[in-house]
Amino acid sequence: MAASDQNARAAAPGPQAAALFETPLIVDEMPDCTAVNAALRAAILKRREESEGISISNVGGWHSDTQMLDWGGEAARSLSRRIIAAADRFTADIRGGDVPRHKWAAEMWANVSPPGASNRHHCHPGAYWSAVYYVDDGYDGSPDRALGGELVLFDPRMPTVRMAAPDLRFRRPGQQPDHDEVKLRPSTGRIVIFPAWLSHAVLPYCGHSTRISIAVNLTAVALVSRAPT
């Protein structure tokens, strides 16, 4: 073997790993959230006084109807536009060219969660993106993790990747083993967007204040092109 070949082999890096087929997660912050949140809070609490709400994934607390864009005022519409802009940025129509072929239909609802409230494991069939926005995280500035209430996102490959060898994990770039679930601590003014098919839940909230959050589903609606007249 030539010396140059030996040097090339010696300099070659070891095995490298790439993270393929990752699940997208978008995190954003609502600009001027103090004013927006004040308007959202007022609209949500007014609606709660007028309506008993509905029960879907929520355990305890109040879940509004899904027509918040009709009664939430300009603050709700502003939030919707922010979420749609983020969805547009991270969505590609591979056959669309320069002409849009879809638009987003937004559905929005509010959750008011007193201490002890949670949300069961679920996903949002029919939508493409789902989002949650925190009007008030309920922590009152406390960093105490014992207050709970985290948004939990579950590995969509489960349980398949644990069936043959439950204690083994793939190493991710950076040499960290992957996780069955990821917990995100809410923060007032934060927007979290994820694929609607991704299973998620909210752990029991143990704070002393009332948490107020908003959920949004974005469904892709095909635009009907008109034939020339």
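1. For the classes used below, Ala, Val, Leu, Ile, Met, Phe, Trp, Tyr, Cys and Pro count as nonpolar, Asp, Glu, Lys and Arg as charged, and the others, Gly among them, as polar. By that scheme the lining of the largest pocket has 14 nonpolar, two polar and eight charged residues.

2. Please keep in mind that this is a predicted model, in which local features need pLDDT of at least 70 and side-chain atom pairs count only at pLDDT 80 or more, while totals for chains, interfaces and linings use all residues. Residues are numbered from 1 along each chain as its sequence is written, and side-chain values use heavy atoms, with hydrogens and water left out.

3. The largest pocket holds about 720 Å³ of space, and of the 24 residues that line it, E22, T23, R157, R172 and D178 lie nearest its centre. A pocket here is an open set of points on a 1 Å grid over the protein atoms alone, where a 1.4 Å probe fits, with protein on both sides within 12 Å along at least five of seven lines, and lining residues have an atom within 4 Å of a point. Its volume is the space filled by probe spheres set on the points, which are joined across faces, edges and corners. At least two lining residues come from each of β7 (151–154), β8 (171–172) and β10 (181–184), strands being DSSP runs of E with at least two residues, numbered from the N terminus.

4. The second largest pocket has about 420 Å³ of space, and 32 residues line it, with W109, N111, N119, H122 and A215 closest to its centre. Its lining comprises 16 nonpolar, 13 polar and three charged residues, and β13 gives the largest share, five residues.

5. N58 sits in strand β2 (residues 58–59) and is buried, at a relative accessible area of 8%, where buried means under 20% (1.4 Å probe, protein chains only). Beyond its neighbours within four places in sequence, N58 is in contact (heavy atoms within 4.5 Å) with H63, S118, N119 and R120. A polar atom of the N58 side chain also lies 2.9 Å from the backbone nitrogen of I56.

6. Strand β11 (residues 190–195) is mostly covered, with five of its six residues buried. Strand β11 runs antiparallel to β1 (residues 26–29), joined by four bridges, and antiparallel to β6, joined by five; strands pair if DSSP finds at least two bridges between them. Among the bridge partners, V192 of β11 goes with V27, and F194 of β11 with S130.

Note on methods. Buried < 20%, exposed > 50% of the residue type's maximum accessible area, 1.4 Å probe, protein only. Polar contact = N/O pair within 3.5 Å; in protein donor to acceptor, adjacent residues only side chain to side chain.
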